[in-house]
Each structure stands twice: as C-alpha cells, then as structure tokens.
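Hi everyone, thanks for coming.

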Amino acid sequence: MAIIRLPLHDACLQTERMCSSCTMKIKEGRVLDWEVELLKVLLKISKMLRVEGEYVYKSSTIIGSTLYIILEGNRIEGLEDLLRENLNLRGVSRIRVLYYNGRLEDLLEKIYGQRILGVSRVYTADGTTTLIVKVEKEDIGAEKLASALLKTRIITQTEKPLKQYTTKKKRQLDIKKILEEIT
Ligand SMILES: [Zn+2]
C-alpha cells in the first residue's frame, strides 16, 4: 500500500464530520469542494495500490475537461485508470497525473514538457509573487496550467540555451590539456 500525504486528515476524509482545521482549509478555499471528492478517492485508492512508498499530494486543477493532479514521488502504474474508475467529477473526461521529485524546476519541466532554463521569484508590493520561468519555446497552454497548479502568477520568458558556450568552454579545456601533455 502506498501512503499519499493529503492536505486533509485521513480520518476527516473518511467521516462526514471534519475537524476544525480541515473545515477551515475548505472554508478558506485552500481545498476546493470538488477537490475533497478527489482526496477521498485518492485515500481509498492508496490502500488498494500494491506499490510501496510515500507520496505527497501537491495540487490539482481542472482545465477544459482534463483534471491534472500533481504528486511528489515516483510514477504509480495504473493510478490514472483507478482514478477514472472511482472518481466521478462533473465535466471531467480525462485525468493526468504529473509526478515530480519535489523540486520546482522538475515540476515545471513536467508541465512545460521542455527544459527549464531558469526560474526566479519576484515579490510585489501587494504581497503576491510572480514566477519568471525561462524556456526555449513559448507555450501559453503550459503557462496557464502551471499557474493554476502552483496557484501563482507566471510569466514565461524565452531565451536561447547556453549550449554553444559550454561546448566552447569544453574545447578550450581540451586544448589546454593537450598543451600540457606536449610540454
Ligand atoms: Zn481534519
């Protein structure tokens, strides 16, 4: 059985009466109503899975008719099928689970489907933050998805990777080595 750490208590998800801490999370919108249904199903499924290990539920969002879920941990074979069989969310016809290793760059790489050249966080006076994500190719769909999943504003900037620089540097080192060998 896999352990999936969820934002609401297991005991609260199993009963109809939630504790004050879980109730507050729902009231404040940190956990949405449809998300509660998803968490209940995830808890149920985690007991049926024959994989070992610990997972952390990070976030989820519905875009169009697709439900996206972020899990920290290794890929679980068949989880999407189990979710489809057990979860009945209005308007959702596709489910995609994105796995990542706990690092923000890795998560963004999974969302954008391309190499992340840089990430920086900008703090604004009103207390909100904006993530600046640098990639090679612009992708408005990925930006929208990342923004919804990370619950933050995101600006995507494109730039050329520093590939040429690294090859040049390597070659220079090689020449130096050769010179050392000759002299
Ligand atoms: Zn609780």
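First, a term: a residue is buried if 20 or more other C-beta atoms, placed from the backbone, lie within 10 Å of its own, exposed if 12 or fewer, and partly exposed in between. By that count, 17% of the 183 residues of the protein are buried. Please keep in mind that this is a predicted model, where local features need pLDDT of at least 70, side-chain atom pairs count only at pLDDT 80 or more, and totals for chains, interfaces and linings use all residues. Residues are numbered from 1 along each chain as its sequence is written.

Now the layout. There are seven helices and seven strands, taken as DSSP runs (helices H or I, at least four residues; strands E, at least two) numbered from the N terminus.

Next, the cores. A nonpolar core is a set of buried Ala, Val, Leu, Ile, Met, Phe, Trp, Tyr and Cys residues joined through C-beta atoms within 7 Å. Which members of the largest core touch the most others? Of its 17 residues, they are Ile4, Leu6, Leu39, Leu42 and Tyr57. The elements giving two or more residues to this core are α3 (33-48), β2 (54-63), β3 (66-72) and α4 (79-86). A second, separate core has eleven residues, including Leu107, Val133, Val135 and Leu149.

Finally, our helix pair. Leu108, Ile111 and Tyr112 in α5 meet Ala142, Leu145, Ala146 and Leu149 in α6, where contact means C-beta atoms, placed from the backbone, within 7 Å. Thanks, everyone!

How values were computed: Two residues are in contact if their C-beta atoms, placed from the backbone, lie within 7 Å.
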